[in-house]
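Please look through the model shown here before reading on. The paragraphs that follow take it one region at a time.

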Amino acid sequence: MGFLVDSQKDGGLGVLGGCVRSLVRRKQVDSAHVKAKSHHQLAKELSVPHLIAIGVGSTIGAGVYILVGTVAREHSGPALTISFLIAGIAAALSAFCYAELSSRCPSAGSAYHYSYICVGEGVAWLIGWALILEYTIGGSAVARGISPNLAFFFGGQDSLPGFLARHYIPGLDIVVDPVAAILVFIVTGLLCVGIKESTLVQGIVTTVNVCAMVFVIIAGSYLGFRTGWTGYGLPTGYFAFGVDGMLAGSATVFFAYIGFDSVASTAEEVKNPQRDLPLGIGLALSICCTLYMLVSVVIVGLVPYYQLNADTPITSAFAEHGMQWAAYVITAGAVMALCSTLMGSLLPQPRILMAMARDGLLPSFFSDVNKSTQVPVKSTLATGFGAATLAFFMDVDQLAGMVSVGTLLAFTMVAISVLILRYVPPDEVPFPSSLQDTIDFVSLRYSVNSKDSYSEAEKSEVGGGSPSTLHSVTLPLLGKKKAVVDYPVIVKQEAQGNYVLKEEKRRKIAGWTIAFTCIGAFLLTYAASNLNLPGLVRFTICGIGGALLLFGLIVLTLIEQDDARHSFGHSGGFICPFVPLLPIICILINIYLLINLGAATWTRVSIWLIIGVLVYVFYGRTHSSLLDAVYVPASHADEIYRSSGDSLA
């Protein structure tokens, strides 16, 4: 009857066919009909100020206090401000895509959730698995960075009290960090209390950090005007390393903007997601970009870029002008920035674990929501324990690149999901197999209605039929004169059939075009980044990739977007502009950054992803909530909901 039962018993293709089908099965957007059965919902407590606190706090880490020196010395020179601006614009492309999807699909899980709806279960699993690694390592790395900064207030690197100081254990050849583990446990406990309480604390900590940056901007501007901005009067000019150096600096500082995606992970807890999520993401990113640019304007102007200290650029710039005491304010800002970033790193992961468990891909243990706090306490405690253990025992600096892989993969898939939403949104809805009788009944009704339409058409040919259902056309009669003949509704049926065929063709063209566009972006960025390839091979691959990318952009621009995009998910939210150009540029930038992360990083990430594949094959695939889902045309879904009268999960 045209309905597809997605089970592993795929007769003709066997086990392999079942595996392939499981990778591409998609779930639907949570709606009034679709609720988390047997699970309590998260508390809807967040508004725009809360989201800004989460976004700014997760994005502005202590890295900015170091990054300005390293990038200015090695890449950008005085043009560091332009590097931050370009990186901010590149990050904004992903932010636009996140804003549309988060307002249309406001549920926990962020990029994992969007990928599951638009792409398929296999890709969604890998994105969720990569994000788990990102947030765990990211939180651990941030926690281990706090104790050196905290030690400054006690008189130096080795001045912390004995029970808090780092200790080297010869037998294990490791350096344990009690402060890191203690702070992770404190933040974990705070997150278990409630989303509103933890966000309030994060807002206070973030405010202190922003105040420290404002101090740098105001005091630095005063010093700059008093001393004549010596950093801008160099013979090398504004672009000391040329435009290429400035662009290389942009690629480096791009990672300073990672963090605004934490806002999207709280979508289920936002009071008015269609309005507040786009505003929260946009305002948080704008504030971060403005602060980054103003700090960089001041610092590279106070001191020549080549004299900046790579480790403490801001402190050394103020000390150069006799303001050694400013180090206390700057270090306090760095400590607050790290604490805020730690909260931002530990906040999204429990919600991703919860979303994956709700979908059956992880044990149901992770999907439990505490009745009183309305927080996924079990997932939060598991996340905190893992991050605290890693922060206590292991120096994760060498693993820092792995954090970027998860984020960039998520950014890429979110941009692809926007293209899918606009051109080939899912046209089938999954239902539990327990509703098979209802589905068959509705299917039979549609089938009977279709036959009745054709029967009425046949009757009308012999004089029957209502004038309201007939089309009057003028036709020649026996070649002598013209007469008015009533044409039956079968004309309408044929027109509808032609429309359906035309629409199916458009969807196929759009789907393949999106696939070729992604392949073209990969080929172009890979060949452009790999200098070891022979010149002819490199330019050939670049040409093929560029041609595919241009072809995809032209075709997607010329063909119409799917009308179903208007009814997809929750309406009334943010609409990403300049589609398909904006998502395609976003895909290109993120794939370029992914390829340039280095072989060592990809080797480590590959090990983690292989583990994830094994977990999915032996557990997630066979426990998925879509294991025996019945897929029906989206146009039939509302009637099935009404007929069943159930709240479906």
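In which helix is the place of Asn590? Asn590 belongs to helix 21, where helices (H or I, at least four residues) and strands (E, at least two) are DSSP runs numbered from the N terminus. The model is a predicted one, in which local features need pLDDT of at least 70 and side-chain atom pairs count only at pLDDT 80 or more, whereas totals for chains, interfaces and linings use all residues. Residues are numbered from 1 along each chain as its sequence is written, and side-chain values use heavy atoms, with hydrogens and water left out.

Asn590 is buried, with a relative accessible area of 1%; buried means under 20% relative accessible area, exposed over 50%, and partly exposed in between, using a 1.4 Å probe and protein chains only. Leaving aside residues up to four places away in sequence, Asn590 touches Ser94, Phe254, Leu408, Phe411 and Thr412, a contact being heavy atoms within 4.5 Å. The C-alpha atoms of Asn590 and Ala410 are separated by 9.4 Å, although these residues are 180 apart along the chain.

Phe254 and Phe411, both touched by Asn590, also belong to a cluster that ring pairs build together with Tyr98, Tyr114, Phe255 and Phe260. Rings of Phe, Tyr and Trp (its six-membered ring) pair if their centres lie within 6.5 Å, and planes under 30 degrees apart count as stacked, over 60 as edge-to-face and the rest as tilted. The structure holds 28 aromatic pairs. Among them is the edge-to-face pair of Phe152 and Phe153, with 5.9 Å centre to centre and 80 degrees between the planes; Phe152 is partly exposed at a relative accessible area of 33%, and Phe153 is partly exposed at 39%. Tyr257 and Tyr292 also form an edge-to-face pair, at 5.2 Å centre to centre and 85 degrees between the planes. This pair links distant parts of the chain, 35 residues apart, with Tyr257 in the loop between helix 10 (242–253) and helix 11 (261–265) and Tyr292 in helix 12 (residues 273–302). Both Tyr257 and Tyr292 are buried.

Another buried residue is Asp562, with a relative accessible area of 5%, which is found in the loop between helix 20 (535–558) and helix 21 (581–595). Not counting residues up to four places away in sequence, Asp562 touches Arg422, Tyr423, Pro425, Glu503, Arg506 and Arg507.

Helix 3 (residues 64–76) has 13 residues, yet its end C-alpha atoms are only 15 Å apart, short of the 18 Å that a straight helix would reach at 1.5 Å a residue, the expected span being 1.5 Å times one less than the number of residues. Helix 3 bends by about 25 degrees at Thr70, where the bend is the angle between axes fitted to the seven residues ending there and the seven starting there. Val64, Tyr65, Val68, Gly69, Val71, Ala72 and Ser76 of helix 3 are buried, and what covers the buried residues includes helix 4 (80–104), helix 9 (195–227) and helix 14 (326–346). Gly77, whose phi is positive, near 65 degrees, follows helix 3.
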